[in-house]
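Please look over the sequence and the structure below. The text after them leads through the model one part at a time.

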Amino acid sequence: MSEIQKMSCLIIGSGPAGYTAAIYAARADMKPVMYQGMQPGGQLTTTNEVENFPGYPDGVTGPEMMMQLEAQAKRFETDVRFGFITKVDFSGDVHKAWADDGTEIHADTIIISTGATAKYLGLESEQHYLKIGGGVSACAVCDGFFYRGQETVIVGAGDSACEEAHYLSKLCTKVTMLVRKDEFRASKIMAERVKNTSNIEILFNTDTVEVLGDGQGVSGTRVRNNVTGKEHDIPCTGFFVAIGHKPNTDIFQEYINLDETGYIRYEQPGTSKTNVPGVFVAGDAADKTYRQAVTAAGTGCMAALDAERYLSAKGH
Ligand code: NDP
């Protein structure tokens, strides 16, 4: 039998956006309840070393940073729950949500911090080196630094791939870009920038066959020209995938305004407000541009402050 729980603030998702929102909401005595979601800790738990989050002069591993954020949220008595939200109903005055264990939640405010999921090719070798932190990454800004002075390969042909290839070109001796069609999807200006960068080589009509290595680290990429069928190996120590992200917003689409690629639209730029009063968004679920832990944390803070002001205005 399902149980109804009332709360003033429900936080959905446990990346840097969710935990920062929790810390602020808890310190404002909103007694937040967080459902961690399918991947507790979010995308950072698949990152090896985080060196660009201010306050960690020696760097920190992604999983360790998320444990610290969780501990900080719990210190102020955030109710952190292992589980995920399967359904919401924002049609009435009360914001309703249902957890995977059947709990029905009635929340005065909701902070959506469900993030986005990077897409990967799905090759076994790619997933192996991704899991062990052996040279596969979906974030050049996060991990490019580890490959400075080395050769890297990047897959993709959109704006992200171009931006990331250009970023890598400043650090790496050579960047090989694998484009599966005979053209870019990226905007002309981004594609031109890549074409005009001397240490970026673009291979069109090229698919990835396998990520090569000794089991511990990446040493190359086997590629196939999908017109000629010819295969060859490219030496590299870093294999970057930039084929898009999927924002984790499916359960909200009936109620929350999304853009054409599924990202949540801010109702009022410069705030965390969605089109539903009392429902706020933080982090990558609404951000296809920056996608950084520190920007997610910043918007998490904004969402908690907006939620608190919303409650105050309602006389809570
Ligand atoms: P996109 O969906 O625009 O592009 C994804 C790219 O990956 C496409 O070129 C696609 O190829 C390729 N791809 C997809 N699957 C595979 C696969 N299995 N193997 C090989 N290649 C594959 O994603 P982005 O992340 O680049 O951009 C998302 C949105 O964010 C866009 O609207 C973009 O304009 C925006 N953005 C804007 C930026 C800016 O303006 N500074 C920076 C970054 C993003 P194909 O073309 O063959 O389908």
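Around the ligand stand 15 residues, and the closest are D159, S160, E163, R180 and R185; a residue counts as near a molecule if one of its heavy atoms lies within 4 Å of it. This is a predicted model, in which local features need pLDDT of at least 70 and side-chain atom pairs count only at pLDDT 80 or more, while totals for chains, interfaces and linings use all residues. Residues are numbered from 1 along each chain as its sequence is written, and side-chain values use heavy atoms, with hydrogens and water left out.

By class, the shell around the ligand consists of 7 charged, 5 nonpolar and 3 polar residues. Here Ala, Val, Leu, Ile, Met, Phe, Trp, Tyr, Cys and Pro count as nonpolar, Asp, Glu, Lys and Arg as charged, and the others, Gly among them, as polar. Helix α5, residues 159-169, gives the most to this shell, with 3 residues. Helices (H or I, at least four residues) and strands (E, at least two) are DSSP runs, numbered from the N terminus.

E163 has a polar side-chain atom 3.0 Å from a nitrogen atom of the ligand. For R180, a polar side-chain atom lies 2.8 Å from an oxygen atom of the ligand. In the side chain of R185, an N or O atom is 2.6 Å from an oxygen atom of the ligand. The ligand taken alone exposes 910 Å², of which the protein buries 74%; these accessible areas come from the Shrake-Rupley method with a 1.4 Å probe.

Now to the chain as a whole. Its domain assignment, which is automatic or from a database, gives domain 1 (4-117 + 245-313) and domain 2 (120-241). The centres of the two domains, taken over C-alpha atoms, are 31 Å apart. Their contact, meaning heavy atoms within 4.5 Å, takes 8 residues from domain 1 and 9 residues from domain 2.

Next come the strands. An open sheet of 5 strands runs in the order β10-β17-β11-β12-β13, with parallel pairing; two strands pair if DSSP finds at least two bridges between them. β10 (136-137) and β13 (200-203) stand at the edges with a single partner strand each, so one side of each has no neighbour in the sheet. β10 pairs with β17 (residues 238-241) over 2 bridges, and S137 has F240 in β17 as its bridge partner.

Strands β14 (residues 206-213) and β15 (residues 218-225) run antiparallel, joined by 7 bridges. V211 stands opposite T221 in β15. The hairpin of β14 and β15 has 4 residues between the strands, and G215 takes a positive phi near 95° there. β15 also pairs with β16 (residues 231-235) in the antiparallel sense, over 5 bridges, with R222 opposite D233 in β16. The hairpin of β15 and β16 has 5 residues between the strands, and G229 in the turn has a positive phi of about 80°.

How values were computed: A polar contact is a pair of N or O atoms within 3.5 Å; within protein, one must be able to donate a hydrogen and the other to accept it, and residues adjacent in sequence count only if both atoms are side-chain atoms.
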